[in-house]
Amino acid sequence: MLSVAEATQRILGVFAPLTGEVIGIDRALGRVLAAPVTARLSQPPAAVSAMDGYAVRAADLAKLPARLTVTGTVAAGTMPTLTLNPGQAMRIFTGAILPQGADTIVIQENCDRDGEIVIVREGSTTLGQHVRAEGNDFRLGDIGIAAGRLLSARDVALAAAMNWPSVTVTRRPRIAILSTGDELQHPGEPMGPAHIVASNGIALAAMVTACGGEPINLGIARDNMADLHRALDGARGADILVTTGGASVGELDLIQQALKDKGAKLDFWKIAMRPGKPVMFGELGALPVLGLPGNPVSALVTATLFLRPVIDRLLGRTSETGSPAVARLGAALKANDQRQDYLRATLTRGTDGSLIASPFPKQDSAMLSLIARADALIIRPPHAPAAEVGDTTDILPLSGGCLGI
């Protein structure tokens, strides 16, 4: 059996970032940038006031209080037309461009106005007081957002401020999802005594959406070749086909044979891991195929380990969303066997602030209720020795979506 690391390497080696497309900046949240955003202007475009007050010359504040003659008003969005001379001041508002000759702002709270005279009671002779210099935020040509970044609300704000009405983002990967099995019924359908509700397709579609892909749910294929062949045809045009169930070697595990009938070449179909040993990968012509186990927890765990990195690779993401973290164990663990374990666990904080991962006593691969409550997977390498409470362990956090402010 392959190790998880080798399986991951073989799978990812098939994929490369997809092509880019141009979309409006108002639709860019959660998309991955395919080309860098550079400033198309400087911000601010000239020195501007950071406060409401008066534009003055710092030299005129050498002796306080200072009496200055008000010669005009400058509001944001207007260009000053007058030059400020010694002994003069101009009323100015936040965001307004400083008039020529001014080098400092005194805030209105430190001034008294008497007709055309302003008396400055407090002020600084430091040049640039309460002034935002030209290009203080960014300058023309500065790189604001690098390619490969998942765009947050903050990124969208910066791109808009840099004068980009549209941006180039990576096309969303199209992920075809096929569930297999005679026992499956869609949620809400009549249930016989031998039926189970098909949750895998819905769960994987939600994961694909959360990771930035476009799910194509092909529904359920029954355990017969005709239905499997028909369902496989529905994956045309996808960037990858993901199947659940039927990837093992039982008499009714037919997906391997159905794929071979279509001319697929399989790379592997077993990984030394738990849950999720029967994971299959191959190519149906130019279409990569990832076969996941049918047990709901196994499907979600293996999708987290293998499908999520594929989506990241297709999107050209530069950050690793599936990178392990470190925590302390909240319960003792026995020595591991030859398979890499992924134990569902909750995360809490200890009195010292350290992260504590506590595995559930039951780790049944069919118990969705537990993985729904889990915050992370504890990673136990093959042949890991017994571990005690407080020992450090690698974890794979599950919480947190792909979008953020």
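N163 is partly exposed, with a relative accessible area of 43%; in this report buried means under 20% relative accessible area, exposed over 50% and partly exposed in between, with a 1.4 Å probe and protein chains only. The structure is a predicted model, in which local features need pLDDT of at least 70 and side-chain atom pairs count only at pLDDT 80 or more, while totals for chains, interfaces and linings use all residues. Residues are numbered from 1 along each chain as its sequence is written, and side-chain values use heavy atoms, with hydrogens and water left out.

**Backbone features**

The phi angle of N163 is near 80 degrees, a positive value in a residue other than glycine. N163 is placed in the loop between α2 (153–161) and β12 (166–170). Helices (H or I, at least four residues) and strands (E, at least two) are DSSP runs, numbered from the N terminus. H383, also not a glycine, has a positive phi of about 60 degrees. H383 belongs to the loop between β25 (376–380) and β26 (392–397) and is exposed, its relative accessible area being 57%.

Two cis peptide bonds can be described here. L64 and P65 are joined by one, with omega about -5 degrees, and P65 is in the loop between β4 (53–56) and β5 (66–74). R274 and P275 are likewise joined by a cis peptide bond, with omega about -5 degrees; P275 is in the loop between β19 (273–274) and β20 (280–284).

**Salt bridges**

Side chains of opposite charge can pair when their charged atoms come close. A salt bridge is taken as a side-chain nitrogen of Lys or Arg within 4 Å of a carboxyl oxygen of Asp or Glu. A search of the whole structure gives 13 salt bridges, including those in the table.

| R57 | D60 | 3.2 Å |

K262 is partly exposed at 34% relative accessibility, and D233 is partly exposed at 28%. Salt bridges with shared partners also join E6, R10 and D267 into one network.

In the R57 pair, R57 counts as partly exposed at 21% relative accessibility, whereas D60 is buried at 18%. In the R149 pair, R149 is partly exposed at 36% and D155 is buried at 7%.

**Aromatic rings**

The structure holds 2 aromatic pairs. Rings of Phe, Tyr and Trp (its six-membered ring) pair if their centres lie within 6.5 Å; planes under 30 degrees apart count as stacked, over 60 as edge-to-face and the rest as tilted. The ring centres of F15 and F281 are 6.5 Å apart and their planes stand at 50 degrees, so this pair is tilted. It links distant parts of the chain, with F15 in the loop between α1 (4–12) and β1 (20–24) and F281 in strand β20, 266 residues apart. F15 is buried at 7% relative accessibility, and F281 is buried at 2%. Together with F268, F15 and F281 form one aromatic cluster.

A charge sits over a ring if NZ of Lys or CZ of Arg is within 6 Å of the ring centre and within 35 degrees of the ring normal. R40 lies over the face of W164, 4.4 Å from the ring centre. The charged end of R91 sits over the ring of Y54, at 5.3 Å from its centre.
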